Amino acid sequence: MANNTNLGAAKAAKNDEFYTQYADIQKEVNAYLEYNPDTFRDKTVLLPCDDPEWSNFTRFFAQNFERLGLKRLISTSYAVESKKYKDYQPTLWEQESPLFDPDKTRIKGKIFELTRDTNQNGRIDIDDLEWHYLEGDGDFRSPEVCKLRDEADIIVTNPPFSVFLPFFSWLINSEKNFLIIANKNCVTYKELFPYIKANKLWSGRTEWAGGMWFETKDRNDIDRIIDGVPMKNIPSIWLTNLDHGRRHERLSLMSMKDNLRYSKHEDIRRYGYIKYDNYDAIDIPYVDVIPSDYEGVMGIPATFLDKYCPEQFEILGIGTGDSAKELGINKNYRGRTDLSFTNPETGKPSCPFSRILIRKKA
Ligand SMILES: C[S@@+](CC[C@H](N)C(=O)[O-])C[C@H]1O[C@@H](n2cnc3c(N)ncnc32)[C@H](O)[C@@H]1O
């Protein structure tokens, strides 16, 4: 199972053209508005890997410009000649524009901006988008897109998988608010986890289970055709530093005694909670068996982050790399990611690198 997921992620990394569904963006953004209706009010939102001809991000934010109370919407697109996937025809919309330039269309990025009611029909929406070609190809790292990042308040996108880590560093170093899509596995990366531990990065509203469905341009890599549209399921999640209500909902948990008696997981009823031999913590194989009354440290799968409420739990670290060193996790384990993480010498279970170490808050 884990291997399939990794294979899927590796394949996805070769192709960046996955497009987010409008309903997924709407569902996620609505959660921030429910929590704070002014989340986007008077803000400049930058969509740095988007193109209104393809992207529902531009469509959603432009259509909801007034409802969100936006000050300025900017989206930039990447030149087709710089993309990995080059099967592209300029849309009629671009070709019919007086700004269309056949020499520039394939090699230059584009910028689309929405600030005012250009067609004077009484509302600001997608028909008021103004655009022009960028100087360069629209790479998010280019000076002109970096300048737009610095002008923005909130950065929103589904970034290219093939350059996710450079993108994340570009984003986090900007110290802006953001809402992005990422592969589920990346929460344990050493480049991201410290921000999660420090409560500077957390899961968005949408639950992690089931992954997300994206429209794909790669005809050879389709999971399903929905309403004539080729779709791909990718184990993706939303990551953000914008607050939302689900993040503050405490998990409802049973005591250790009740779990040992009534848990739906047979291994917990049979074997109880296993103590690691290389770290003073117990193993929690499933989020729903976290005991409500255990005061010590617990090692738990990363899917816990989908349910993490910072008022209920403290994240202490992860069983790998510098974090493991800081926690004093002894290295004498094999580092298996499955459940057979038993130390071959002692025959006792060891805290594996895949576990996040947490403790209940008082
Ligand atoms: C995963 S797609 C997401 C598209 C869109 N945001 C959506 O979900 O509807 C990422 C987009 O970023 C573009 N891209 C790839 N490398 C880029 C770069 N270095 N700078 C800017 N955009 C890039 C890809 O061509 C692709 O269109």
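Predicted model: local features only at pLDDT ≥ 70, side-chain atom pairs only at ≥ 80, totals over all residues.

Biologist: OK, domains then. What does the domain assignment of the protein chain give?

Modeller: The assignment gives domain 1, residues 5-248, and domain 2, residues 256-360. Their C-alpha centres lie 35 Å apart.

Biologist: And how many residues of each are in contact?

Modeller: In domain 1 there are 13 residues in contact with 13 residues of domain 2.

Biologist: Which elements supply at least two residues on the domain 1 side?

Modeller: Those are α8 (193-197) and β8 (202-203). Helix α8 gives the most to that side, with three residues.

Biologist: How do the residues on that side divide by class?

Modeller: On the side of domain 1 that touches domain 2, five are nonpolar, four polar and four charged.

Biologist: Switching to the ligand. How many residues surround it, and which are the closest?

Modeller: The ligand has 19 residues around it, and Thr20, Cys49, Tyr78, Asn158 and Pro160 are the closest.

Biologist: Which elements give two or more residues to that shell?

Modeller: β1 (18-20) and α3 (56-63) do. The largest share, three residues, comes from β1.

Biologist: Now strand β6. Which way do its residues point, and are they buried or exposed?

Modeller: β6 covers residues 154-157; Ile154 and Val156 point one way, Ile155 and Thr157 point the other way, and all are buried.

Biologist: What does β6 pair with?

Modeller: Strand β2, residues 44-47, pairs with β6 in the parallel sense over two bridges. Leu46 has Ile155 in β6 as its bridge partner. β6 also pairs with β7 (residues 177-183), again in the parallel sense, over four bridges.

Biologist: Which residue in β7 does Thr157 stand opposite?

Modeller: Ile180 is the one in β7 that stands opposite Thr157.

Biologist: And what do β6, α7 and β7 make together?

Modeller: With helix α7 (residues 164-172), the strands β6 and β7 make a β-α-β unit, and the unit is right-handed.

Biologist: Great, that's what I was after. Thanks!

Methods:
Residues numbered from 1 in each chain as written. Near = placed C-beta within 6 Å. Domains from an automatic or database assignment. Contact = placed C-beta atoms within 7 Å. Nonpolar A, V, L, I, M, F, W, Y, C, P; charged D, E, K, R; others polar. Buried ≥ 20, exposed ≤ 12 C-beta atoms within 10 Å, placed from the backbone. Pairing = 2+ DSSP bridges. Right-handed = clockwise from strand over helix to strand, strands pointing away.
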